[in-house]
Amino acid sequence: MKDVLLIAVFALAGAVCAGVAGAIVLRLVRHRSVAVSLAVVAAVTVTAMLAGTLAVAQAMFLSAHDLWVVTVVAAMAALVSLCTALVLGRWVVGRSRALARAARDFGDGGTFSAPAGAATAELAALTGELAATSAKLDASRARERALETSRRELVAWISHDLRTPLAGLRAMAEALEDGMVADPARYHRQIRAEVERLTAMVTDLFELSRIHAGALTLSTSRMSVYDLVDDALSGADPLARERGVRLLGEEVAAVPVEVDGKEMTRVLANLLVNAIRHTPADGTVAVAAEHRDGAVVLSVTDGCGGIPDEVLDRVFDTGWRGTEARTPPAGAGLGLAIVRGIVEAHAGRAEVRNVPGGCRFEVTLPAAAG
């Protein structure tokens, strides 16, 4: 037992010396290729065994022949280990370089394509993460392109919409200044109407810019959907009477929601004004609210005749003005974009779908707790 313990001590001492030397070498080559590190690990393993054997041989006074045999065996093991480590290292390095090239391609604007061939579990996991990141970048680029297109269209539309009333205001001001107006009061009323239209347009632009910049601050409180709908219907009633459109709000459940009352009133007002403008005289605009699957769904149904299916997904885009099925609105096409922005800020969603004779806009909001 004593001899075994002594052998273990000498073997451990030799192996520790080899391990310390290997650790120093690994630290020096830590920035080199993984193939170098694998070769060092293999060399340290064999060297530790050989160092322990030599220490024991010197202590136990083995014969020169026996020591030579042990040394040759260790040398052969070292050769095989180093070759195996180099092959494994070259394979890992090759796979890593292929992965780096693929990552560089999608980083430059392309699409990530995973290198062919087998990979270690870690490299396979990294490949999966890069593929997921590539998909997210593709979606982000698509959104950025759509947003840039939308911004360019918005600038063009706003420029046109501003130019027309400004030209009219200038002409009326010059006519009043030259004293060539028979009824100045009529011109004053028209100027006021145009100013109010421009003010509403600028207000919508400011609201939309706050939404896009993430600067929309909500002051939420618990309130009943019934009260929200009632206020919105009262505000839209004069426009509905002027256009001969009937407003219905009978199917409204008194369910509670946690919302910013001012912003949500704006949402309903925009939807109602949009519905009234696109519903013919003697038509009906109906507002409903219900509790559905743990959420509150507000809906506004009009008689616009429907929206073509190919443009349904563009209804809430900034500056969207409709098609032949919907007469272009008097505003700048910002109302529905503002609706979507405010609703999403409330962790909800805004949707639209066609129904017989018209379309239905639905706003889904989280129900109030308790």
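User: What should I know about the model before reading it?

Analyst: This is a predicted model: local features need pLDDT of at least 70, side-chain atom pairs count only at pLDDT 80 or more, and totals for chains, interfaces and linings use all residues. Residues are numbered from 1 along each chain as its sequence is written, and side-chain values use heavy atoms, leaving out hydrogens and water.

User: How many helices and strands are in the chain?

Analyst: Helices (H or I, at least four residues) and strands (E, at least two) are DSSP runs, numbered from the N terminus. The chain has eight helices and seven strands.

User: How do I read burial, and is threonine 364 buried or exposed?

Analyst: Buried means under 20% relative accessible area, exposed over 50%, partly exposed in between (1.4 Å probe, protein chains only). Of the 370 residues in the chain, 33% are buried. Threonine 364 sits in strand E7, residues 358-366. Its relative accessible area is 8%, so threonine 364 is buried.

User: Which residues does threonine 364 touch?

Analyst: A contact means heavy atoms within 4.5 Å. Leaving aside residues up to four places away in sequence, threonine 364 touches Ala295, Val296, Val297, Val343, Gly348, Arg349 and Glu351.

User: Arg349 and Glu351 are both on that list. What joins arginine 349 to glutamate 351?

Analyst: A salt bridge, with the closest N and O atoms 3.5 Å apart. The rule asks for a side-chain nitrogen of Lys or Arg within 4 Å of a carboxyl oxygen of Asp or Glu. Arginine 349 is partly exposed at 46%, and glutamate 351 is partly exposed at 36%. Elsewhere, salt bridges that share partners link Glu290, Arg292, Arg353 and Glu362 into one network. The count by this rule is eight salt bridges.

User: How far apart in helix H6 are aspartate 237 and arginine 241?

Analyst: They are four residues apart in helix H6 (residues 225-243), so about one helical turn separates them. Aspartate 237 is partly exposed at 27%, whereas arginine 241 is exposed at 66%.

User: Which residues form the nonpolar patch on the surface?

Analyst: Patches take residues with over 30% relative accessible area and no salt bridge; like charges are joined within 9 Å, nonpolar side chains (Val, Leu, Ile, Met, Phe, Trp, Tyr) within 5 Å. Trp68, Val69, Val72, Val73, Met76 and Leu79 form the nonpolar patch, with about 580 Å² of accessible area together (Shrake-Rupley method, 1.4 Å probe; for residues, only the protein chains shown count as cover). Tryptophan 68 lies in helix H3 and is exposed at 58%.
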